[in-house]
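Q: I have a model open and want to go through a few spots in it. Can we start with a loop residue and work outwards?

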Amino acid sequence: MIIYACVTRNEVLLAEHSTSAMEESFNLVTVTQALLKTFADIPDGQRQSYVYKSTTGSLEPLGANKTGPSWSSIDLESSGRGPMQDFFYHLAKAPNYGVTYVCISDDARELNHNFSFLAELESQFTKKFPKRQILKANAYAMEKKFSAKIGTVVHNYNTHPNASGGTSAAALTEKVEEVKNVVGDSISTVLRRDENVNDVLRSSKLLRRDSLVFKRTSQTVKRKSKNQLRLYNWGVALLIMLGCYSVFAYMCGLEGQVCFEKMKNRSNSASRNDEKSDDGGSNVQYYDGDGVADDFY
């Protein structure tokens with residue numbers, strides 16, 4: 001069973017995931033950290049395996065005739081879970097990336113299964129992150145976005161150990177994840193649409209309220225403008241009347257007595273002139289045909 005998996009670039013740990021069995025073993029954490037430099041020295045495109053012996057605390061490469069045990073020389077019965085258990089490191093380094101994919105297993109019989117897991121882990125990692133981002137990433141830069149994905153792949157390979165190297169289970173899980181993502185996106189889209197509809201409704205209510213306020217304000221301004229125009233017209237008319245009265249008062253006095261007296265005097269003088277003209281007309285003499293003058297009365 002796979003109890004730990006991580007992705008490294010040279011000596012930089014990018015993302016990791018641990019099961020409860022790994023978290024209970026502090027020695028494995030220390031050994032894994034010490035192996036980072038060893039991972040960086042592996043040629044690109046190579047796969048290697050190591051065994052960590054709990055009895056001696058040593059880390060030995062698998063498959064070496066003298067420096068470590070081969071796969072056929074490992075006691076499979078003693079490699080099961082127990083207080084003196086051995087743990088197996090499997091790693092695969094991607095070509096041209098400098099990225100190494102590592103997993104720790106507690107069973108030596110799962111060699112192909114573990115390397116199939118690493119291939120699936122590489123596929124998921126390169127699918128999620130572009131090469132440029134991988135090459136420039138700092139330590140634990142992908143931890144937040146990829147640790148859960150590592151845990152999902154670990155769980156699938158642990159629960160389906162006989163599913164053709166885990167490929168079918170991984171494909172099924174990937175489809176399930178895609179469906180979940182599509183459903184999640186659809187739900188998010190619907191929620192965003194509802195939010196947009198609510199925003200439009202709120203905006204329409206605000207516009208309606210603003211239009212009513214604008215209508216009342218425009219009516220008030222119009223009424224005030226009419227009142228001001230009316231007052232202005234009355235003011236102009238009053239000024240004209242005051243001007244006319246001022247001219248009248250200047251020429252005829254405040255009550256017009258000067259003009260009235262002049263008009264009265266002019267009327268009296270006209271009457272006297274008429275009387276004089278009447279008296280003068282009575283003394284006119286007219287001569288008839290005989291040359292005798294007749295007075296006309």
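Q: Is Asn10 buried, exposed or partly exposed?
A: This is a predicted model. In it, Asn10 is partly exposed, because its relative accessible area of 38% falls between the limits of 20% for buried and 50% for exposed.

Q: Where does Asn10 sit?
A: Asn10 is in the loop that links β1 (2–9) and β2 (12–18).

Q: What about the phi of Asn10?
A: The phi of Asn10 is positive, about 55°, although the residue is not a glycine.

Q: How far is Lys37 from Asn10, in sequence and in space?
A: Lys37 and Asn10 are 27 residues apart in sequence, and their C-alpha atoms are 7.2 Å apart in space. Lys37 belongs to helix α3, residues 36–40.

Q: Buried or exposed, that Lys37?
A: Lys37 counts as exposed, since its relative accessibility is 54% and the cut-off is over 50%.

Q: Back to phi. What is the value for Tyr140?
A: Tyr140 has a positive phi of about 60°, and Tyr140 is not a glycine. Its place is the loop between α5 (131–136) and α6. At 41% relative accessibility, Tyr140 is partly exposed.

Q: Helices next. How do α4 and α6 cross?
A: The axis of α4 (residues 111–128) and the axis of α6 (residues 143–159) come within 11 Å and cross at roughly 150°. That angle makes α4 roughly antiparallel to α6, because angles over 145 degrees count that way.

Q: What hand does the crossing of α4 and α6 have?
A: The crossing of α4 and α6 is right-handed.

Q: Which residues of α4 and α6 meet?
A: From α4, the residues are His113, Ser116, Phe117, Glu120, Leu121, Gln124, Phe125 and Lys128. They meet Lys145, Phe146, Lys149, Ile150, Val153, Val154 and Tyr157 of α6. By type, the residues of this contact of α4 with α6 divide into eight nonpolar, three polar and four charged.

Q: Which residues are buried in α4?
A: In α4, the buried residues are His113, Asn114, Phe115, Ser116, Phe117, Leu118, Glu120, Leu121, Gln124 and Phe125.

Q: And which are buried in α6?
A: For α6, they are Phe146, Ser147, Ile150, Gly151, Val153, Val154, Asn156 and Tyr157.

Q: How far apart are the end C-alpha atoms of α4, and what should its residues span?
A: The end C-alpha atoms of α4 are 26 Å apart. At 1.5 Å a residue, its 18 residues should span 26 Å, so the two agree.

Q: What does that check give for α6?
A: The 17 residues of α6 should span 24 Å at 1.5 Å a residue, and the end C-alpha atoms are 23 Å apart, which agrees.

Q: Switching to strands: where is His90?
A: His90 lies in β5, a strand of residues 87–93. His90 is buried, with a relative accessible area of 0%.

Q: How far is His90 from Arg47?
A: C-alpha to C-alpha, His90 and Arg47 are 7.5 Å apart in space, and they are 43 residues apart in sequence.

Q: Last bit, the whole chain. How many helices and strands does the protein have?
A: The protein has eight helices and eight strands.

Q: What share of its residues count as buried?
A: Of 297 residues in the protein, 29% count as buried.

Q: And what share of the contacts join residues at least 24 apart?
A: Taking contacts between residues at least 6 apart in sequence, 58% join residues at least 24 apart.

Notes
Residues numbered from 1 in each chain as written. Predicted model: local features only at pLDDT ≥ 70, side-chain atom pairs only at ≥ 80, totals over all residues. Heavy atoms only, no water. Axes fitted to C-alpha atoms, helices over the stretch in contact; angles between N-to-C directions. Helix = DSSP H or I, 4+ residues; strand = E, 2+ residues; numbered from the N terminus. Parallel < 35°, antiparallel > 145°, perpendicular 65-115°, else oblique. Left-handed = near helix turned anticlockwise from the far one by under 90°. Contact = heavy atoms within 4.5 Å. Nonpolar A, V, L, I, M, F, W, Y, C, P; charged D, E, K, R; others polar. Expected span 1.5 Å × (residues − 1). Buried < 20%, exposed > 50% of the residue type's maximum accessible area, 1.4 Å probe, protein only.
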